[in-house]
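Work through each task with the sequence and the structure at hand before reading its solution.

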Amino acid sequence: MFSSPAYAQAAESAQMSDPTGGFGLIIIMVAVFWFLIIRPQNKKMKEHREMVSNVARGDSVVTAGGLIGKVTKVKADDNEVEVELADGVRVRVVKSTLSDVRAKSEPAKPAEKKAAEKKAAKKEEK
């Protein structure tokens, strides 16, 4: 009815003969977690950091709270941006709380290019 101690010892020694089986399973589990969870999350965080660091004046942004506005000032040293939500309504927002940049603005043109464009427009009018 009960198993003899000899059978119990034989089963125990059979399990101990392959110590790499459990270690291999742990390695497979770590690899699955890496490719399905950790790697995509790190990639997403890197893209978000890059997006936030490239925010410029004139960009349309969405905050983590769901507010949509236009960037009016970027403060590089304070890690903040000033966002205009409506006419005359400006708020300071921490850059890391920006969840999306909807419309990228064109880079600001140097004064020389603006002057040249104005001269070209005046010549066309004449």
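A residue is called buried when its relative accessible area is under 20%, exposed when that area is over 50%, and partly exposed in between. The model is a predicted one.

**Exercise 1.** Decide whether Glu 82 counts as buried or exposed, and find the residue with which Glu 82 forms a salt bridge.

*Solution.* Begin with accessibility: Glu 82 has a relative accessibility of 14%, and therefore counts as buried under the cut-off of 20%. Then turn to the partner, which is Arg 90, with the closest N and O atoms of the two residues 3.5 Å apart.

**Exercise 2.** How many salt bridges does a search of the whole structure find, and which strands hold Arg 92 and Glu 80?

*Solution.* The search of the whole structure returns 2 salt bridges. In one of them, the side chains of Arg 92 and Glu 80 meet at 3.2 Å, N to O. Arg 92 belongs to strand β4 (residues 89-94) and Glu 80 to strand β3, so the pair ties together parts that are 12 residues apart in sequence. As for accessibility, Arg 92 is exposed at 59% relative accessible area, whereas Glu 80 is buried at 17%.

Definitions and conventions
Residues are numbered from 1 along each chain as its sequence is written. This is a predicted model: local features need pLDDT of at least 70, side-chain atom pairs count only at pLDDT 80 or more; totals for chains, interfaces and linings use all residues. Side-chain values use heavy atoms; hydrogens and water are left out. A salt bridge is a side-chain nitrogen of Lys or Arg within 4 Å of a carboxyl oxygen of Asp or Glu. Helices (H or I, at least four residues) and strands (E, at least two) are DSSP runs, numbered from the N terminus. Buried means under 20% relative accessible area, exposed over 50%, partly exposed in between (1.4 Å probe, protein chains only).
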